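Here are a few friendly notes to read alongside the model.

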Amino acid sequence: MSAKPIRKIVIVGGGTAGWMTAAPLSQRLDKACEVVLIESPDIGTIGVGEATLPTIRFYNSALGLDGADFIKKTQATFKLGIEFKDWGHVGNRFFHGFGDFGPAIENRSPHMHWLRLAAADKNMRPLEDWSVATVMARNLRFTPPAGDRPSPTNAFSYGFHFDAGLYAAYLRDYAMQRGVKRIEAMITEVELNPENGFIAAVKLRDGRRIEGDLFVDCSGFRGLLIEGALKAGYDDWSEQLPCNSALAVPCAKVAKLTPFTTSTAKSAGWQWRIPLQHRTGNGHVYCDGFSTDDEAARVLLEGLDGRALDEPRQLRFTTGRRRKSWVKNCVAIGLSAGFVEPLESTSISLIEFAVGSLIQNFPDCDFRPELANEFNRQLSIRYESVRDFIIMHYKLTKRTDSEFWRYCANMPIPESLQHQIELFRETGRVVVLDPDGFSVPSFISLLIGLGVTPKSYDPFVNHIGLEHLRTHFDRLLDSIGGMVNAMPDHTDYIAHYVPAGPVPGLAV
Ligand SMILES: Cc1cc2nc3c(=O)[nH]c(=O)nc-3n(C[C@H](O)[C@H](O)[C@H](O)COP(=O)(O)OP(=O)(O)OC[C@H]3O[C@@H](n4cnc5c(N)ncnc54)[C@H](O)[C@@H]3O)c2cc1C
């Protein structure tokens, strides 16, 4: 016999995570289930999640959002990947593009064949030249992928850069139109059921008491319910991900909108540059053990390519994750569940994943622990694979110009990551431990970009004639070049198809 269904969900927090949770619940749940979202006017949102992964498109399309309307209302631009500058060593430049380096040949990844060609020809062009996303980005071109059959015209993917505050507001309108009730109030107390330790209600400063069956904690770093009330515990990853501070500042946009995020390594961290239609978002992520805040602010402001539109805003965090994101009748989503750091723009994708997993493992009022265990298992794999991918960026440095980079080069890393790096270094093979996480081409971009040159390659690629292989790579290069040259400029594409209106009150 099935248990009593959930009849009331209380979401605590109205940042990106809160509204990204409310929107799909409002779309999918039986209308007999009430969804209430509580957000405090006195506690702001973090508001800096501006770069995304391509998975955001699946999230948006599952909601049935109108793609053009979403872009216009959130001041979005297209993102083909991330340009890395000064990572690995000062003067280094590489691109992590969304997509592969050509089609597989006889079931072997294109990079294996490239390794063979590079072993035979010291002047072989860089592998990046076969990444359609990278060539588009270098040339500031954009058009969406086209066609169903495998071809260079659809051998790339894209995400977005958007204004996180506008995105949350967009989803708020969506969710409220579908019945989500919003309460603007400060929660001052969390009431536990003395018999089973479940959350019974949250109490508001104005005296109201809001009961619920299921509580979703989207309260940000503070983890008001999951940690404050339920003491889930936190695994601190700062030994291997030492950045713990950020300064964020918008600046005036420049004429050309780059279809990519830029990440520039600095002496105690790195700086992001994210182009939006109305402004450019910038931030300096650093470790306060290796830089003062004043020095970090100076570095940030010096690295802007437009006039600062505000004072830099300080943010502090501890990298890591909640030991359990689902405890009793409380599920933590967003920063309350953990924060790996924004280097590969993974936080919003972790929210998408967690919301999907909650819907997949949606409980009844009996809250069978197996569902929570499964949710926690899935989340744990995902967070740890993101963690390892990010650690790789730091660990593989050859920079010795600052104490921070010397620390990163010498820090211990998880065994699984050590294995991934060594396997690639010795044999050119990539092992992906999380099939839903970063894929083989992403690992290759990073490993090669950071200077890991495989000592050998898969011997099975040897039976293809070398000349035949060369011709294939040459033809592909020509076809990518010709195709990208015919694509519209990214800035023109946006102006023509998805221009956003002016933002009231924005100083530009
Ligand atoms: C420096 C930095 C850069 C980042 N860049 C990116 C990026 O490029 N891409 C990406 O994907 N992610 C990025 N992130 C992460 C991203 O910002 C977050 O994942 C996202 O904003 C979700 O935040 P949140 O909703 O969990 O928390 P918050 O935005 O902090 O929202 C918390 C909410 O809880 C409410 N609340 C808290 N306490 C109470 C209370 N007592 N009563 C009532 N309400 C309460 C607040 O009012 C607020 O509405 C970045 C994060 C940082 C720190």
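1. The domain assignment divides the protein chain into domain 1 (8-76 + 162-235 + 322-385), domain 2 (99-156 + 414-488) and domain 3 (245-316); such bounds come from an automatic or database domain assignment. Please keep in mind that this is a predicted model, in which local features need pLDDT of at least 70, side-chain atom pairs count only at pLDDT 80 or more, and totals for chains, interfaces and linings use all residues. Residues are numbered from 1 along each chain as its sequence is written.

2. Domain 2 and domain 3 have C-alpha centres 31 Å apart. Their contact takes four residues from domain 2 and four residues from domain 3, where contact means C-beta atoms, placed from the backbone, within 7 Å. On the domain 2 side, the touching residues are four nonpolar, no polar and no charged (Ala, Val, Leu, Ile, Met, Phe, Trp, Tyr, Cys and Pro count as nonpolar, Asp, Glu, Lys and Arg as charged, and the others, Gly among them, as polar).

3. Now to the ligand. It is surrounded by 39 residues, the closest being Gly13, Gly15, Gly49, Gly220 and Gly334; a residue counts as near if its C-beta atom, placed from the backbone, lies within 6 Å. The shell has 20 nonpolar, 16 polar and three charged residues. Because domain 1 and domain 3 both give residues to this shell, the ligand lies between them.

4. Which element gives the most to the shell around the ligand? That is α1, with three residues. Elements supplying at least two residues each include α1 (16-28), β2 (34-39), β13 (245-251), β16 (280-286) and α9 (347-360). Helices (H or I, at least four residues) and strands (E, at least two) are DSSP runs, numbered from the N terminus.

5. Strand β14 (residues 261-266) is worth a look. It pairs with β4 (residues 81-85) in the parallel sense over four bridges, and five bridges join β14 to β15 (residues 269-275), running antiparallel; pairing requires at least two DSSP bridges between two strands. Ser263 of β14 is the bridge partner of Phe84, and Ser263 is also partnered by Trp272 in β15. Two residues separate β14 and β15 in their hairpin.

6. Overall, the protein chain has 15 helices and 21 strands. Its radius of gyration is 24 Å, close to the 23 Å that the globule rule gives for 508 residues, so the chain is as compact as a globular protein of that length (taken over C-alpha atoms; the rule is 2.2 Å times the number of residues to the power 0.38). The C-alpha trace spans about 75 × 50 × 50 Å along its principal axes.

Definitions and conventions:
Contact = placed C-beta atoms within 7 Å.
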